[in-house]
Amino acid sequence: MDRPNHITPAGYAALKARYDHLLGVERPAIVEIVSWAAGNGDRSENGDYLYGRKRMREIDRELNRLARKMKAAKVIDPKEQQDTGRVWFGAEVEIADEDDVRRTLTLVGDDEQDAGAGRIGWNSPLARALRGAAVGDLRTVTLPGGTKEWEVMAIAYAG
């Protein structure tokens, strides 16, 4: 990862909590199972041993991935945004399309995005189009389904 991984304080805390849980709870439990299973003799047909080793590799891969993400993370607190009249990282934005269908979105780190909850990743096409917009600005977004125009109706920074 060459570019910084923008993330909110809550997003970083979630990454760290997942890392800590894997390292402090799940991995030790699997190590214990593998150690117990290894003592039961023939490892080639020992399901607990084989599954445990496989699960340990998965946990180690996820720990490495999370460690890289946390190392590249640039925590940005939306409450500290100086230019609250424009859409920047952490903004909660109300937008309306041509038919006045309104959506409220929050621009968060790519690791925090959850479209169903209205959180879109900072590098998504819609978030990139909204960057720097003020209330009343129109933004055109090209999506797989075609081009769509949105008007910025409101901007807030909750944190």
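Guide: The accessible surface of the protein (Shrake-Rupley method, 1.4 Å probe) is about 9,400 Å², and carbon and sulfur atoms hold 49% of it. This is a predicted model, in which local features need pLDDT of at least 70, side-chain atom pairs need 80 or more, and totals for chains, interfaces and linings use all residues. Residues are numbered from 1 along each chain as its sequence is written, and side-chain values use heavy atoms, without hydrogens or water.

Of the 159 residues in the protein, 34% are buried, meaning under 20% relative accessible area. Along its principal axes, the C-alpha atoms of the protein fill a box of roughly 70 × 35 × 25 Å. The protein has three helices and seven strands, these being DSSP runs of at least four (H or I) and at least two (E) residues, and from the N terminus their order is β-α-α-β-β-β-β-α-β-β.

The buried residues of H2 include Tyr49, Gly52, Arg55, Met56, Ile59, Glu62, Leu63 and Leu66, and towards the end of the list come Lys69, Met70 and Ala72. An α-helix has 3.6 residues a turn, so residues three or four places apart point the same way. Among the elements that cover the buried residues of H2 are strand E1 (5-7), helix H1 (9-38) and strand E2 (73-75).

Definitions and conventions:
Buried means under 20% relative accessible area, exposed over 50%, partly exposed in between (1.4 Å probe, protein chains only). Contact means heavy atoms within 4.5 Å.
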